[in-house]
Amino acid sequence: MILEFSFNYLSSSLIYEKIILNTLELFSLESKIVKEGDNLFLYVKSDDSDELESFANRLSLELPHSIFLHNTNVKVVDEMPQDSSALPQISKLPMAFCPKCLNEVMDESNENYYNIFHECEVCGYSVEGEKKSYKDDFVNLAKSISDGLVAEVNTFYGKYFVGQLGKKCNEVDFDIISYDLATIAHYTNATNSEMAALGAIEKPFVKLKTNIKFKMDFEDIADELIRFKLSDDFVLHLLLSELNELGINLIFITKEKLPFDVKFDLVEYKKELEPIEVVVGDNHIVIVKGEKGLPYNNLENKTLIPHIGAFFSVIKEHSLFDKIVAGVNISKEYHNNILVYSKKFGTISYLSFWFKFDSIKDVFDSIISSNESGKKLVENFKNKFPEHYEAISAITFNEEEFNVYKLWGIVSIVLGYSKEKSLAKSAKILEDSASSFLGTKGPRIDYKLKRVDSKVYLDPLMTIRTAMSFKLAGVDRLTLSYGVIESFVEFVSTQLDEIKEEMKSDAVVVTGSLLQNRHLFSKLSKEVSVNHKLYFNKELPVDGKNILYGGNELF
């Protein structure tokens, strides 16, 4: 009898391959491993069906869930493959503990009980230390934190300040580490897909909206959108294990320096590493920032065109050079546009999201001069909000690059959601308001096109005008903010449909830090996937190192 295990696994870390080989050593089975692109196949053969069942059960316990695992299957086949794949020789990536090492560290009868330096060829951070139980150290640290003290803690990948959730969190940029998934589910509105990602071996951050239970139990915390994750090294895991015994299942963690009472430095980390953050939809998951546990950390720093480098990074990761590819670049920092590539005609700019205004007064003057209805709209807006109109008219811009995010910043200022002069900070206020929206539909905001010198651009005035109209109609802040983002995704989806009709594109790639927005990403992932084969970066953040990785193809 021959079993075929298949894994659609978009990672080059070799975690699955190594765990499979380790598990095979425990059984007397004929086996072969075959790697075909993003698909990993394991074949095992035996005349003893009980042994095959025992192996399958053991493998299911040994293999951790991964954010890179998209599908798995097992079936009976007729024959073994002729050839097998050799594992490439690569260095182990810094990775959170695997299930095997975790079980040993938590087992009182094991020699590695509470040994924070325990690791294997699959997991760990390659930091050496004395092999012993550090139980007493964590008992004492947990007691200090339960007494309300703040601790400076060295983890295996950097120094942090940690403590109980309270007013002090409002003074810094903080995240939350949870003892378990059940606690996160209790205090947030995380989806099943987000919960699965949180429990993966990569232990990513996921930004979540807290619920009424959280507000009741932690009433001093001002933020509603907070990044959550589980412990990703033994220092944090063992600390949370001891705090759990004291009835504490959540702690804050921050890189910003705080006055501290306790110093915990059992570990001398080799390198500061930023943990990854992901955004999760029903069909896709992408990395929005971070580096811990990821490859490509030594990319050459060249002078590149950011949106071109990001576009080609996805093409390169998914081997799409023989396809006709439409690419949407929606970075918060860089130029935004829609590109189309094929081997036949190269890369062309299909649509630019570029625009420019000098001030809010310039925005209002442009709307007034556009047509009679625009003039009337501004007059009505000025009459209804005279003090606000006068105050924001004095705001000027000094931006090198305008894009969709900066457009949202202008909308946020015009609608009175932000008092910031910074367009990026103002856009974040609108974005956070949209993320707090719990409904299913917002008002339709216009995203229209205009042609200038044979090139096609997004007309920012129409977006601002319709937002102003809904403000005058009394639409609430969360609903209107959501409508601004929802309508943009619908606009992009329509443009991609037209590209497919006109240019026969057979793949769509999307990059840029706007994907960090949970609502935007989920809606885009769902809507675009209906008519297109949709691709994102696999093992790279959607803004940053992907630019270097893809840009190298241009030289």
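The open sheet here has nine strands, in the order β11-β5-β6-β10-β7-β9-β8-β12-β13, with mixed pairing. Its edge strands, each pairing on one side only, are β11 (262-264) and β13 (285-289). Strands are DSSP runs of E, at least two residues, and helices are runs of H or I, at least four, numbered from the N terminus; two strands pair if DSSP finds at least two bridges between them.

This is a predicted model, where local features need pLDDT of at least 70, side-chain atom pairs count only at pLDDT 80 or more, and totals for chains, interfaces and linings use all residues. Residues are numbered from 1 along each chain as its sequence is written, and side-chain values use heavy atoms, leaving out hydrogens and water.

**Exercise 1.** Decide whether K229 is buried or exposed, then find its side-chain polar partner.

*Solution.* First, the accessibility: K229 counts as buried because its relative accessibility is 1% (buried is under 20%, exposed over 50%, partly exposed in between, with a 1.4 Å probe and protein chains only). Then look at Y157, whose side chain makes a polar contact with that of K229 at 3.0 Å. Such a contact is a pair of N or O atoms within 3.5 Å; within protein, one must be able to donate a hydrogen and the other to accept it, and residues adjacent in sequence count only if both atoms are side-chain atoms.
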